[in-house]
Amino acid sequence: MPEQDKRILVLGVGNILFTDEGFGVRVAEELEQKYVFSDNVTVLDGGTLGLKLMGPIMESDYLIIVDIVLNEGTPGEIFRLLGEDLNKACAFKNSMHQTDLLDTLAQCSIIGNVPDDVILYGIEPINYKDMSAALSPELEARLPEMEKLILEEVTAAGGTYSPRTDENPATERIYVPRDTCRNS
């Protein structure tokens, strides 16, 4: 399949009500607000939807997941994981959605329709247990770097993007904005 025909799904997952747990969703929101993507790219806030994400996942050829991971790294460290490393990172039980994500990928595999490429961009969290719509200052500072990595991955997979302008503003609303004033 030609690169430009690949259906690319950027899936930000997490719970925005628990500090860094919402990092993946916040990356998806930022991408959606700042960029227009080619027709073969979908950016999706997957929240904590678990099995409800099977449809979008099975309809994609190239899946880029953004989430927090407990990967024994230093807080704020970014990882690009695939294969067995991805399975290990998705299997931790300290999250409200991780086991759902692993189950969802497994169910897609059982049905026989899992994307050819599955990549997890994970970041080691600072705080994923306190209830807050704010990211920790360390992860807030890493948002631009993660956005850049995701844009590079989209381009490598055959997608394109351009910055939004006044003529093509974002239409997606952010219903629970990040509480950036708490990050001081």
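Trainee: Hi! Where is the place of glutamate 124?
Mentor: Glutamate 124 lies in the loop between strand 6 (117–123) and helix 5. Helices (H or I, at least four residues) and strands (E, at least two) are DSSP runs, numbered from the N terminus. This is a predicted model, where local features need pLDDT of at least 70, side-chain atom pairs count only at pLDDT 80 or more, and totals for chains, interfaces and linings use all residues. Residues are numbered from 1 along each chain as its sequence is written, and side-chain values use heavy atoms, with hydrogens and water left out.

Trainee: Thanks! Is glutamate 124 buried or exposed?
Mentor: Glutamate 124 is buried, at a relative accessible area of 7%. Buried means under 20% relative accessible area, exposed over 50%, and partly exposed in between (1.4 Å probe, protein chains only).

Trainee: And what does glutamate 124 touch?
Mentor: Not counting residues up to four places away in sequence, its contacts include Glu72, Pro75, Phe79 and Leu139. Contact means heavy atoms within 4.5 Å.

Trainee: Switching to helix 5: where does helix 5 bend?
Mentor: Helix 5 bends by about 40° at leucine 143, and proline 144 follows within four residues. The bend is the angle between axes fitted to the seven residues ending there and the seven starting there.

Trainee: Which residues are buried in helix 5?
Mentor: Among them are Leu139, Leu143, Met146, Ile150 and Val154. Isoleucine 150 has a relative accessible area of 0%.
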